[in-house]
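Take a look at the structure below.

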Amino acid sequence: NTLATMPPTGLGANVGVYDSHLIDPNLAPMLKAAGITSVRLPGGSISDQYDWQNNSAISGNFANPNDTFDNIMNDVIIPMGAQAIVTVNYGSKPGNNGGGDPNLAAAWVAHAKANNYGVKYWEIGNEVFANGYFGNGYEYDLHVLSQNAADRLGNAALSPTAYGNNSLQFYSAMKAQDSSIKCGFVAAGGSLFTSWQQPVVQACGSKTDFVIHHWYP
């Protein structure tokens, strides 16, 4: 029996701003020919380290100078006729001295709107559940500055409740720039399904437009 029909945006690819071959005139037609209808950027965990205005990684990791947001939109996504899904930086702010700035995310939304890019879907952070709250993590999250695992384990500032509450600030700031966008939070699978999801939903579920389910079965 048919349970659901995959929407037009259902087949996507993830791209990273560290890719030295991303801005290539051959890429858009190849992705289009493959049936790709959505492109997620700026890439996995680099999203929580990324300053889109300067096309730089706040943590000091590499971002290719050619892989600006405008170049990705104009040279890859728009020629494909695809939908962009943008992951805003929840984990860090310019200066590398604190958690992500909702105003930086809001400025990104405003920029996309001013340029008529038609970006509808905005994800708040990448895999924030891997920030060390549940144990050794890999996601960059400076809501706690110490990178010592013992300081991060169980720290309330890194908790799913904190993520949910902070996401509401992002939601409000971003929607103020473009009320037509959809803002989504990060969902986790496997052993974290309940321990992450339930507190996040309790904190911000009434405002959330969608979830992005990160699960590696």
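## Two helices crossing

A crossing of two helices is right-handed if the near helix is turned clockwise from the far one by less than a right angle, and left-handed if it is turned anticlockwise. Keep that in mind for this predicted model.

Helix H3 spans residues 102-114, and helix H5 spans residues 160-177. Their axes lie 8 Å apart, and the packing angle is about 25°. Angles under 35 degrees count as roughly parallel, so H3 is roughly parallel to H5. H3 passes H5 in a right-handed crossing.

## Strands S7 and S8

Strand S7 (residues 182-188) runs parallel to S8, and five bridges join the two. Valine 186 has isoleucine 212 in S8 as its bridge partner. Between the strands, the chain passes through helix H6 (residues 193-204). This β-α-β crossover from S7 to S8 is right-handed.

Which residues of S8 are on its covered face? They are Phe210, Ile212 and His214. Val211 and His213 are on the uncovered face. In a regular strand, side chains alternate between the two faces of the sheet.

## Cysteines without a bond

How many disulfides are there? The count is zero. A disulfide needs two cysteine sulfur atoms within 2.5 Å. The closest cysteine sulfur to that of cysteine 183 belongs to cysteine 204, but it is 10 Å away, so it is too far for a bond.

Are these cysteines buried or exposed? Cysteine 183 counts as buried because its relative accessibility is 1%. Cysteine 204 is also buried, with a relative accessible area of 3%.

How values were computed: Residues numbered from 1 in each chain as written. Predicted model: local features only at pLDDT ≥ 70, side-chain atom pairs only at ≥ 80, totals over all residues. Heavy atoms only, no water. Buried < 20%, exposed > 50% of the residue type's maximum accessible area, 1.4 Å probe, protein only. Helix = DSSP H or I, 4+ residues; strand = E, 2+ residues; numbered from the N terminus. Pairing = 2+ DSSP bridges. Right-handed = clockwise from strand over helix to strand, strands pointing away. Axes fitted to C-alpha atoms, helices over the stretch in contact; angles between N-to-C directions. Parallel < 35°, antiparallel > 145°, perpendicular 65-115°, else oblique.
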